[in-house]
Amino acid sequence: MRYSQYFIPTLKETPADAEITSHQLMLRAGMIRKLAAGIYNYLPLGLRSVRKVENIVREEMNRAGAIELLMPSVQPAELWQESGRWEQYGKELLRFRDRKESEFCLGPTHEEVITDLVRREVKSYRQMPLNLYQIQSKFRDEIRPRFGLMRGREFIMKDAYSFDTDEKTANISYDKMYRAYLRIFERCGLNFRAVEADTGSIGGSQSHEFMVLAESGEDAIVSCTGCAYAANVEKAESKPIDSAEHADPRPLEHVATPEKRTIDEVSAFLGAPASFMLKTLVFLADDEPVILLLRGNHELNEIKLNNLLGCKKVEMAGDEIVLNVTGAPVGFAGPVGLRAKIIADLAVKGMKNFITGGNARDLHLKNVNLNRDFQITQFADIRNVVHGDLCPRCDTGILEMWRGIEVGHVFKLGTKYSKALKASYLDDGGKERIIFMGCYGIGIGRTVAACIEQNHDQNGISFPLPIAPFHCIISALNMKEENVREASEAIYEQLVSAGVEVLLDDRDERPGFKFKDADLIGIPLRIVVGSKNLSEGKVELKIRNTGEVSLLPLPEAVEKVRSLVAEALKG
């Protein structure tokens, strides 16, 4: 492809509304252009990278035994009403009526549609296991679309759905997809972690998120230094903390703490670390008060709490309810003397002689102890893990914190959708049974954006070879000079013949201008053809991600590029 005949509208300045690096660089590199909030045109360079990711995904899905199909993006309301998600999904589901006043939505996901298809066509255990997938545009009416392709309203997604006769075979299908996802993101050249995750609105019994590690990531994840354990912070566990406090119970003390409400204020006032303090929170679970206890240096994980309680509505109590339940204003609550359900985090088990609120204004209690001074209704894991916590799966590792960008998610759905939509089959004894399902998603455009968040510098994008729009760019310094033109054309033809995707920069521009564009759009390999080096029969080869520069004879440069590309694309 010749640069002069291609469409790459690069920008010198960063658009004011682009907040994160990938959004800024995709706009500046001429990869995308905004049409409306959260809706983008994919320009040729951007589309090439998107197609590269799609092809890798397609190859690995096919290798894992999945079968491609294509479902409509417009879905009838009846299916969503049947599954119970028409009202549950909320305003992200874009609903509309056709000319006959029938209700439809633009599909944000396709569990209902695929389950409806399978319940009509799959009748026997002999037709399973079955895994069907598509690569298609979705629409979710985000309240605040931002960050370019990272959180758009319309986006390209690969979604797959497995169907099995029982939980055992469903687990086998899940493991196949898990391994396929590992291969996909490895082939894309990404630094990522597969982490245990909460199932959220999709539902099911287990899920894993695939997180690209990047400082700009919206999600906090943890991984162990000693084993393969990794999890989203919403799901992450840790070993219970052994007591570091004095072993022998001390006499209970009442201490005046005038206007000292927060953990930090009381800690400083009493000269005690936050880990010696007990945080007391009052929540409402289906309008019934429940007391939550955590160490002062820990934070509540509301997703864990919701999963534990299983209530329709869980929320923090207001000031008036806190006063009614504890007898004290906010900031002075403690468990001693309370008559309510008390749930303590597992890390509270090891605490002795700790500090709590005294359930009266300007009062705290010192040397409080479990069982002697109050009783716990239930111990449970209800906190966020922190850096340095002990790994729950091995004896030697500690947990490290990372920032991550979710690019893929796999779910064990079980019978959530098949039961609701009555998707069943006849087993080998002729008995009707419910189908077990799994679902598996990858954000295609989001993967490209996450790759850029992880692979860039002050000059622009630095694509990994497998998903770069082109493998190599030839920067011809002056195409008007016959030797430069002939050498550039010869290198171009040889690389194309070798299966290398090449962009020949044949524009009549200054060398510095061409170099800046080459760095900006992130092509991994650059061959610079100029008269001075050609006089010695050589060209310059630069590797974008390392900055390594070599002067090589023409045939050697061509072979070097060919071998680098072949090595990077080994599937």
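Visitor: What do the buried residues of helix 8 pack against?

Guide: The buried residues of helix 8 pack, with contact meaning heavy atoms within 4.5 Å, against strand 14 (278-285), strand 15 (288-295), strand 16 (314-316) and strand 17 (341-345). This is a predicted model, in which local features need pLDDT of at least 70, side-chain atom pairs count only at pLDDT 80 or more, and totals for chains, interfaces and linings use all residues. Residues are numbered from 1 along each chain as its sequence is written, and side-chain values use heavy atoms, with hydrogens and water left out.

Visitor: Which residues of helix 8 are buried, and what makes them line one face?

Guide: In helix 8 (residues 302-309), Lys304, Leu305 and Leu309 are buried, a word that requires under 20% relative accessible area, while exposed means over 50% and partly exposed lies in between (1.4 Å probe, protein chains only). Seen down the axis of helix 8, the buried residues fall within an arc of 120°, so they line one face.

Visitor: Why is lysine 422 called exposed, and why does glutamate 259 count as partly exposed?

Guide: Lysine 422 has a relative accessible area of 64%, and is therefore exposed, whereas glutamate 259, at 47% relative accessibility, counts as partly exposed.

Visitor: At what angle do helix 1 and helix 11 pack, and what is that arrangement called?

Guide: Helix 1 (residues 21-28) and helix 11 (residues 444-454) pack at an angle of about 105°. Because angles of 65 to 115 degrees count as roughly perpendicular, helix 1 is roughly perpendicular to helix 11.

Terms used. Axes fitted to C-alpha atoms, helices over the stretch in contact; angles between N-to-C directions. Helix = DSSP H or I, 4+ residues; strand = E, 2+ residues; numbered from the N terminus. Parallel < 35°, antiparallel > 145°, perpendicular 65-115°, else oblique. Arc of directions from axis to C-beta.
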